[in-house]
Amino acid sequence: MLLIKNVKLNGELTNILLTGNKITSIVKDLGDFMDIPSIDGKGNTILPAFVDIHTHLREPGFESKEDITSGLKAAVAGGFSAVCPMPNTNPVTDNKYIVSYIKMRARESGLARVFPIGAISKGLKGDELAEMASMQRAGIVAVSDDGMPVTNSNLMRKAMEYADGLGMITISHSEDKSLAEGHANEGANATRAGIEGISRVAEEAMVAREILLADSLNVAVHIAHVSTTNSVDLIRWAKAKGIKVTCETCPHYIVGTDELILNYDCNAKVNPPLREERDRQAIIAGLLDGTIDAIATDHAPHTKSEKDREFALAPNGISGLESAFGLCYTALVDSGLMSLDRLSELMSKNPSDILNLPCGELIEGGLADFVIVDTDKEYEIDSSKWYSKGKNTPFNGRKVKGQIMTTIVDGNIVFNRETEERI
Amino acid sequence: MRKDLLGLEGLSRTEIEEILDTADTMREHLDKGEINLDYAKGISVVNLFYENSTRTRTSFENATKFLGANQVNIAVGSSSVAKGESMYDTVKTLESIKNSIVVIRHSMAGTPHFIAKKVDAHIVNAGDGQHEHPTQALLDMLTMRRHFGRLEGLTVAIIGDVKYSRVARSNIFGLLTMGAKVKLFAIKTLMPKGIEEMGATICNSIEEAISGSDVIMGLRIQLERQTSGQFPTIKEYFNEYGITMDRMKLANENAIIMHPAPVNRGVEISGEAVDSDCSRIFEQVTNGLAVRMAIIKLMAEGK
């Protein structure tokens, strides 16, 4: 048994008793529980641990960027108890053997839960369906060709139907490559910097296609990393019609715009690209009115030398696990735009529900996966101190509020900022 | 003069005038046939051309020679980018050359800026992708100033492939700083989104661009723009959007025609216009040499 004393839950100080990996009771008055092992929450806020449904752990294949252990350290340091690694590994996660390998490596690390996402198509090539059912038996919770769009609409249709038959959702990386032959958002800033632009329509056209497919087939689809005004509007329209579409955005679309590329900082190069202020505002509006269901990191670590080069040649991606909460809390909650409860839903319950994961809630009898955050703590983002191998963020030096103090997964303390226990 | 010349964005009027004034002096030397100068003795000018260039490279090489500086050529080419050679490693080798000015041309925007952050040497951007080509815009401004005696109040029409043009961007930055007005005309497929936010005025027709302008600057239309589907045929392009003597009648009296060359006669401009009395296209080449001499001289003084 473990007692978490003196933590703020829904704004009120309370204590939480764990037995094994379950939350046994939430008690205001300590009374008889005084003698059992305890940790002091010091009046900080307790939340269900975050669930990242869009992560790149890079293993197998790209261990210089990240491996499962370093990625999971980054996850728990960022307050995440569960992550869903995307299948663009090498070899591609398109078969049960790779899924089993990832699950095994995750068990060895023992830090956070790992729910892999399998490929839609063999080798992410967009030609033939991957063995989704066998992969599901090995542990995948959804399918996606993330990083590569499924250009062939008929294959996407088949994927959505086949996955739905297995009770799994298909996640769409929406991008029409023929409109995306650039390196930054098409607009005044890319023009000024002389960088070839990526049209918003590259994303929006495929978002529209997925919505229409989901409607006609009456199956669910999840849109990854939504970044534009029109994508938000399309999804809002679809939801109003009762189409089974959910979507996520990422912290960088909430806090960043394409002004960050003006000095050719490759750490701001990401796909979809950072957009303009009006898009950022539309993303925030979508988060506020429920059009956007979840915040996912799209954690995409790269090595320093891969990002320290000519802008056009640098790979896309931002390392996001360890800055997600600080950036989102500062931009959304501390700014007064939404309650901490709503942010918690966006980072825990909703993403968990989208993929039918057993996570995301802090209730009696529920899994003991939670995070203690100091919402008053102000600090500067400094990726050199991160656990992730990927130090690639355009937000270094940005002042944020809200720091992860303790992360507990399955009843175990897996991260403690003060003692750095278990890390 | 600053450590580097990466672009005209952010340069003040005084900084631009310093370069143009020095270039006027260099032009006087050239006109007198004085090409054994020693303004940059002991300086090494390193050419790092990742993209093919005959004119700009020759211009820099002559400027180097005329000022008494040493020419260093590092063999790189467009192929080294394709081969995945690390820019960082190339840059490291540059650090061993003391008192150097490195002239970089690269097909990717921002590469000179990337290198400038890594080395102590002076960096001159000789064209980075579709971003900036500051020495070209400076020679353009020198040419205009020598013809009109001023830049303030001039109206400059830039016509052609604006989207892919670093010359257009550098001229917009520089000319607006100097108090000129810039009008742009390109067919819509070759007009980059949001360029009006840089302060230029977008025209809806070539006639509108030329009307009331003092300088008509054509930009090269690469033939691959047609094959990649930006416009239907060369013939249609020239008929509808070419700079011709007939259309030049709309320009102000005393207006001049300019072009960064190489010119595609019969595509973006008629041969007649290239060779006309109001053309300054060949004058631009001499002024290019003067501007590059001025930059090397100023950087050498500031070492």
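Biologist: Which domains does the domain assignment of chain A give?

Modeller: The assignment gives domain 1 (2-43) and domain 2 (48-360 + 386-400) in chain A; such bounds come from an automatic or database domain assignment. The C-alpha centres of domain 1 of chain A and domain 2 of chain A lie 35 Å apart. Please note that this is a predicted model, in which local features need pLDDT of at least 70 and side-chain atom pairs count only at pLDDT 80 or more, whereas totals for chains, interfaces and linings use all residues. Residues are numbered from 1 along each chain as its sequence is written, and chains are lettered from A and ligands numbered from 1 in the order in which they are written.

Biologist: What makes up the secondary structure of chain A?

Modeller: Chain A has 12 helices and 19 strands. Helices (H or I, at least four residues) and strands (E, at least two) are DSSP runs, numbered from the N terminus.

Biologist: Why is chain A called as compact as a globular protein of its length?

Modeller: The radius of gyration, taken over C-alpha atoms, is compared with a globule rule of 2.2 Å times the number of residues to the power 0.38. For the 423 residues of chain A the rule gives 22 Å and the model has 21 Å, which is close, so chain A is as compact as a globular protein of that length. Along the principal axes, the C-alpha trace of chain A spans about 65 × 45 × 45 Å.

Biologist: What makes A:Ser305 buried or exposed?

Modeller: A residue is buried if 20 or more other C-beta atoms lie within 10 Å of its own, exposed if 12 or fewer, and partly exposed in between, with C-beta atoms placed from the backbone. A:Ser305 has 11 other C-beta atoms within 10 Å, so A:Ser305 is exposed. A:Ser305 belongs to helix α10 (residues 304-307) of chain A. In chain A, 57% of the 423 residues count as buried.

Biologist: How many residues of chain A are in contact with chain B?

Modeller: Contact requires that the C-beta atoms of two residues, placed from the backbone, lie within 7 Å. By that test, 17 residues of chain A are in contact with 21 residues of chain B. Helix α5 (residues 188-193) of chain A gives the largest share of the chain A side, four residues. That side divides into seven nonpolar, five polar and five charged residues. Here Ala, Val, Leu, Ile, Met, Phe, Trp, Tyr, Cys and Pro count as nonpolar, Asp, Glu, Lys and Arg as charged, and the others, Gly among them, as polar.

Biologist: Why is chain B called as compact as a globular protein of its length?

Modeller: Chain B has 13 helices and nine strands. Its radius of gyration is 19 Å, close to the 19 Å of the globule rule for 303 residues, so chain B is as compact as a globular protein of that length. Buried residues account for 51% of chain B.

Biologist: Which domains does the assignment of chain B give?

Modeller: Chain B is assigned domain 1 (13-132 + 285-301) and domain 2 (134-280), and their C-alpha centres lie 25 Å apart. Between them, 21 residues of domain 1 of chain B are in contact with 17 residues of domain 2 of chain B. On the domain 1 side, α13(B) supplies the largest share, six residues.

Biologist: What makes both faces of strand β8 (residues 215-218) of chain B count as covered?

Modeller: In a regular strand the side chains alternate between the two faces of the sheet. In β8(B), B:Val215 and B:Met217 on one side and B:Ile216 and B:Gly218 on the other are all buried. B:Ile159 stands opposite B:Gly218, while B:Ile257 is the bridge partner of B:Ile216.

How values were computed. Two strands pair if DSSP finds at least two bridges between them.
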